[in-house]
Amino acid sequence: MAFSSGNESGGPMAEINVTPLVDVMLVLLIIFMITAPLMSHKVKVELPKANLDKIDEKPMVVQPITITVSDAGNLYWNDQPITKDQIESRLSVEAQKTPQPAINVRGDKTTKYRVVQQVVQVAQNQGMRKVGFVAEKERP
């Protein structure tokens with residue numbers, strides 16, 4: 001078998017033959033043009049219509065609940081005295097609400113952390129997801 005390079009020197013041909021490449025691309029184009037309409041959904045379903053006119057409602061703003069722990073260990077629910085048992089029952093009621101209010105725990109700086117931690121533990125056990133601490137920024 002003899003191959004011709006197209007020139008007299010007998011060296012390799014530096015040009016790429018693109019004819020087979022174009023043939024393959026045209027065949028693929030035709031295949032995709034034929035199969036593309038067949039790729040649509042076979043099962044016809046009548047989807048429900050959405051009415052988006054009533055989305056303008058503003059979300060409910062829920063005031064956070066403040067639980068204060070004094071240095072003597074006294075508990076206050078939004079500045080009203082309360083016992084630990086009452087806090088548990090109120091928190092279980094608040095945990096069922098949608099949207100759930102946030103709990104802000106304020107502890108006196110001389111209060112033992114164990115007492116504050118017990119209040120946080122009670123809130124978490126009752127199902128409260130947003131429990132945070134209140135602090136003041138130090139002034140220079």
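The model is predicted: local features need pLDDT of at least 70, side-chain atom pairs count only at pLDDT 80 or more, and totals for chains, interfaces and linings use all residues. Residues are numbered from 1 along each chain as its sequence is written, and side-chain values use heavy atoms, with hydrogens and water left out.

The protein holds three helices and five strands. Helices (H or I, at least four residues) and strands (E, at least two) are DSSP runs, numbered from the N terminus. Read from the N terminus, the order of elements is α-β-β-β-α-β-α-β. A "transmembrane region" is annotated by UniProt, in an unreviewed entry, at residues 20-39. Such positions are given in the numbering used here, feature names are shortened, and annotations may be inferred rather than shown by experiment. In the model, residues 20-39 are 80% helix and 0% strand. The end C-alpha atoms of this span lie 28 Å apart.

Of the 140 residues in the protein, 18% are buried. Buried means under 20% relative accessible area, exposed means over 50%, and partly exposed lies in between (1.4 Å probe, protein chains only). The accessible surface comes to about 12,400 Å². Carbon and sulfur atoms account for 57% of that surface. These areas come from the Shrake-Rupley method with a 1.4 Å probe; for residues, only the protein chains shown count as cover. Contact means heavy atoms within 4.5 Å. Among contacts between residues at least 6 apart in sequence, 62% join residues at least 24 apart.

In soluble globular proteins, nonpolar side chains tend to be buried together. A nonpolar core is a set of buried Ala, Val, Leu, Ile, Met, Phe, Trp, Tyr and Cys residues joined through side-chain atoms within 4.5 Å. The largest such core has 17 residues, and I67, W77, I87, L91 and I103 touch the most other members. Two or more residues come from each of β1 (65-69), β2 (75-77), α2 (84-95), β4 (103-107) and α3 (113-125). The most come from α3, which gives five. Beyond its neighbours within four places in sequence, I67 contacts Y76, W77, I87, L91, I103, N104, V105, R106 and V119.

The largest pocket contains about 310 Å³ of space. Its lining consists of T68, V69, S70, R106, G107, D108, K109, V134, A135 and E136. Both β1 and β4 give two or more residues to this lining. On a 1 Å grid over the protein atoms alone, a pocket is an open set of points where a 1.4 Å probe fits, with protein on both sides within 12 Å along at least five of seven lines; lining residues have an atom within 4 Å of a point. Grid points are joined across faces, edges and corners, and a volume is the space filled by probe spheres set on the points.

Most residues other than glycine have a negative phi, and most peptide bonds are trans. Some exceptions follow. A cis peptide bond joins T98 and P99, with omega about -5°. P99 sits in the loop between α2 and β4. At 36% relative accessibility, P99 is partly exposed. P99 and M60 are 39 residues apart along the chain, yet their C-alpha atoms are separated by 7.6 Å.

N78 is not a glycine, but has a positive phi of about 50°. N78 lies in the loop between β2 and β3 (80-82) and is partly exposed, with a relative accessible area of 38%. D79, also not a glycine, has a positive phi of about 70°. The loop between β2 and β3 holds D79. D79 counts as exposed, at 57% relative accessibility.
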